[in-house]
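Let's take a walk through this structure together, one element at a time. Please keep the viewer open so that you can follow along.

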Amino acid sequence: MKYHYIMISPINSKEVKMNIDDDVLNKLEKLGMIQIDEDKKESLKIDLGDILGFVANISDLDFDNVDEDYPIATPLREDIKQIDTSISSNILKNAPCSKEGYFIVPKIIE
């Protein structure tokens with residue numbers, strides 16, 4: 001299988017800084033239904049700006065040498081059936097109650 005690798009070089013790439021202000025951070029808090037401590041907001045704004053700057057650098061990548069017909073997919077491993085009875089016995093030994101290889105649970109539906 002033939003792979004194409006794209007190298008991201010910090011030497012040749014320009015550093016892009018994105019500014020995250022308090023309004024954007026407040027919107028993210030609301031959307032994420034989280035509360036960010038006041039003492040962590042400044043460092044979080046810097047970190048988010050760095051992440052967005054890195055993502056903005058993707059547009060500078062050179063894809064001219066990548067074959068358009070090349071299927072971009074993660075190579076899958078072959079499924080190999082394996083029977084290992086020790087796995088189920090190790091799991092069942094931690095169960096509160098088991099019988100003949102099955103979990104025993106209380107009946108909840110009449």
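What follows moves from the overall layout to a pair of helices, then to charged pairs and backbone angles.

A word on the ground rules comes first. This is a predicted model, in which local features need pLDDT of at least 70 and side-chain atom pairs count only at pLDDT 80 or more, while totals for chains, interfaces and linings use all residues. Residues are numbered from 1 along each chain as its sequence is written, and side-chain values use heavy atoms, with hydrogens and water left out.

Now for the layout. The protein has 3 helices and 2 strands, and along the sequence these follow the pattern α-α-α-β-β. Helices here are DSSP runs of H or I with at least four residues, strands are runs of E with at least two, and both are numbered from the N terminus. Of the 110 residues in the protein, 10% are buried; buried means under 20% relative accessible area, exposed means over 50%, and partly exposed lies in between, using a 1.4 Å probe and protein chains only. If you count contacts (heavy atoms within 4.5 Å) with a separation of 6 or more, 55% of them join residues 24 or more positions apart.

Next, turn to the helix pair. How do the axes of α1 and α2 cross? Helix α1 covers residues 22-32 and helix α2 covers residues 38-56, and their axes come within 11 Å and cross at roughly 95°. The axes are lines fitted to C-alpha atoms, for helices over the stretch in contact, with angles running from 0 to 180 degrees between N-to-C directions.

Which residues make the contact between α1 and α2? From α1 come Asp22, Leu25, Asn26, Leu28 and Glu29, and they meet Lys41, Leu44, Lys45 and Leu48 of α2. By type, the residues of this contact divide into 4 nonpolar, 1 polar and 4 charged. In that scheme Ala, Val, Leu, Ile, Met, Phe, Trp, Tyr, Cys and Pro are nonpolar, Asp, Glu, Lys and Arg are charged, and the others, Gly among them, are polar.

Helix α2 has a few more things to show. Its buried residues are Lys41, Lys45, Gly49 and Gly53, and the buried residues of α2 pack against α1. The length of α2 can be checked too: at 1.5 Å a residue its 19 residues should span 27 Å, and the end C-alpha atoms are 27 Å apart, which agrees. The expected span is 1.5 Å times one less than the number of residues.

Now look at the charges. Side chains of opposite charge can pair when their charged atoms come close. The whole structure holds 5 salt bridges, each defined as a side-chain nitrogen of Lys or Arg within 4 Å of a carboxyl oxygen of Asp or Glu. In one of them, Asp22 pairs with Lys45, with the closest N and O atoms 2.7 Å apart. Asp22 lies in helix α1 and Lys45 in helix α2, so this pair ties together parts that are 23 residues apart in sequence. Asp22 is partly exposed at 43% relative accessible area, whereas Lys45 is buried at 11%. Asp22, Glu42 and Lys45 are also linked in a network of salt bridges.

Another salt bridge joins Glu38 and Lys41, with 3.2 Å between the closest N and O atoms. These two residues are 3 apart in helix α2, about one helical turn. Glu38 is exposed at 62%, while Lys41 is buried at 11%. Elsewhere, Arg77 and Asp79 form a salt bridge at 3.6 Å, N to O, and both residues are exposed.

Finally, consider the backbone. Most residues other than glycine have a negative phi, and most peptide bonds are trans. Met33, in the loop between α1 and α2, has a positive phi near 50° and is exposed at 76% relative accessibility. Glu100 also has a positive phi, about 55°; this residue sits in the loop between β1 (98-99) and β2 (102-103) and is exposed, with a relative accessible area of 70%.
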